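Subject: Structure handover

Hello,

Here is the structure for your files. My notes on it follow below.

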Amino acid sequence: MLKGTRIVVGISGGIAAYKSADLVSRLRKKSALIKVVMTKRAEEFITPLTFSSLSGNEVATDMFSCPKEREIQHISLAHWAEYIIIAPATANFIGKVASGIADDLLTTTVMASKAGVVIVPAMNTNMYNNPIVQRNIEDLSRHGYLFFGPAEGNLACGDKGTGRMEEPEAIVEYMEGLAGVKGDLENRTVLVTAGPTREALDPVRFLSNASSGRMGYSIAGTAARRGARVILISGPTNLEPPPSVEFVPVVSALDMYNEVMRRFPECDVAIKTAAVSDYRPASVSQHKIKKTGDGMSLALVRNPDILSELGKIKGGRILVGFAAESTNLLEYAREKINKKNLDLIVANDITRKGTGFDSDANEGYILDSAGATEELPRMSKMQMADIILDKVVSLLGKDSG
Ligand code: CTP
């Protein structure tokens with residue numbers, strides 16, 4: 001079920017807009033919470049009244065109407081949404097978002113949101129096949145926007161071909177898959193580590209790395225949506241912890257080590273996305289270190305390898321590691337899976353542009369302890385979180401079977 005999932009349904013001006021009434025009603029039947037945004041053109045095809053009745057909420061059409069005092073409509077919708085579905089999405093809508101144009105409530109909401117965005121195109125075949133539209137779709141996909149459809153068939157304009165909006169039933173099924181609403185992690189506790197660690201040198205300086213924490217936060221949020229109790233132990237990041245996870249903020253690798261060791265006995269699965277500093281300064285100066293000569297050296301000591309420690313005591317738990325490498329990606333990842341006694345490892349090449357450490361997208365490989373390697377093509381970190389958790393669920397199944 002999509003129970004309680006907050007979805008903004010965006011309707012742009014295409015003849016298929018009438019199908020979205022059925023979409024909204026089907027999503028409501030699945031107990032999703034729906035807010036509808038319509039473009040001015042969409043109102044030519046179907047009235048907001050239809051959607052307010054079906055969604056149970058007022059329909060937003062205007063950038064400048066504020067439902068509550070001091071609330072900015074597109075920002076509040078953007079924050080509220082866990083998913084945004086644009087159905088139908090016209091070539092015009094796709095083109096605007098791909099070019100960074102935000103000139104109405106729908107485009108501003110989409111662009112201001114961190115939600116998963118699903119675009120369901122509907123247009124004439126020639127328009128769909130137009131290289132400019134195709135380039136826009138490719139660009140948006142590269143930025144993590146998801147496309148569902150279009151289907152083939154008879155089009156409103158009399159043509160036959162690709163361009164039909166996918167049927168509402170199929171969109172709901174797609175959303176259920178995406179939201180991982182199978183509840184397949186119910187009664188499981190998943191521990192996730194995320195973000196960088198900071199190793200203090202003095203009261204104001206530290207050694208750290210560029211990890212944003214996004215991969216770990218995506219996994220934590222997705223696992224919670226799939227029914228797990230989630231403990232998220234995170235180094236300092238700029239991210240909001242996902243709703244309904246137990247959030248444990250830490251700073252240094254030693255803090256993280258202590259918290260992970262304390263909470264590990266409670267969990268069935270541990271997923272270590274954190275970029276833990278391998279070394280820390282041998283001593284922390286109480287006062288700010290003053291510059292002296294032309295150079296200086298730092299004495300460092302090893303931090304505990306948290307994942308290796310977990311590997312020694314894991315028992316029947318599923319252990320997932322990450323390997324960020326700049327050379328010999330698969331070879332090093334395979335080595336780590338064996339050395340650290342892991343069930344799965346996700347390997348990323350940190351030299352690839354636009355993925356990995358400080359990005360919304362990721363790509364790489366997932367390796368298991370039985371020797372299988374699967375490529376993970378470029379995708380959003382949210383999508384990747386689902387794929388990793390699918391593998392975890394199948395390993396948990398084997399365990400209890
Ligand atoms: N890790 C950990 N504790 C550490 C270092 C790493 O738990 N002190 C975990 C990370 O969370 C990640 C995995 O180990 O899941 C791989 O980290 P990485 O730094 O890529 O590899 P290392 O084992 O540190 O090996 P190397 O530095 O040789 O690449």
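Please keep in mind that this is a predicted model. I begin with the surface, where Tyr 279, Met 296, Leu 298 and Leu 300 make up a nonpolar patch. Together these residues have about 400 Å² of accessible area. One of them, Met 296, sits in the loop that runs between strand S14 (279-281) and strand S15 (300-302). Met 296 has a relative accessible area of 59% and therefore counts as exposed, the cut-off being over 50%.

Ser 20 is a residue of helix H1 (residues 17-29). Its relative accessible area is 0%, so Ser 20 is classed as buried. Leaving aside residues up to four places away in sequence, Ser 20 is in contact with Ile 11, Phe 51, Ala 87, Pro 88 and Met 165.

Next, the hairpin. Strand S6 (residues 151-154) and strand S7 (residues 160-164) run antiparallel and are joined by four bridges. Within this pairing, Ala 151 of S6 is opposite Arg 164 in S7. Five residues lie between the two strands of the hairpin. Gly 158, in the turn, has a positive phi of about 100 degrees.

Finally, the overall layout. The chain is split into domain 1 (6-180) and domain 2 (189-285 + 295-400). Eleven residues from domain 1 and eight residues from domain 2 take part in the contact between them. The C-alpha centres of domain 1 and domain 2 are 34 Å apart.

Regards

Methods: Residues numbered from 1 in each chain as written. Predicted model: local features only at pLDDT ≥ 70, side-chain atom pairs only at ≥ 80, totals over all residues. Heavy atoms only, no water. Buried < 20%, exposed > 50% of the residue type's maximum accessible area, 1.4 Å probe, protein only. Contact = heavy atoms within 4.5 Å. Pairing = 2+ DSSP bridges. Patch = residues over 30% accessible without salt bridge, like charges linked within 9 Å, V, L, I, M, F, W, Y side chains within 5 Å. Areas by Shrake-Rupley, 256 points an atom, 1.4 Å probe, with all protein chains shown as cover. Salt bridge = Lys/Arg side-chain N within 4 Å of Asp/Glu carboxyl O. Domains from an automatic or database assignment.
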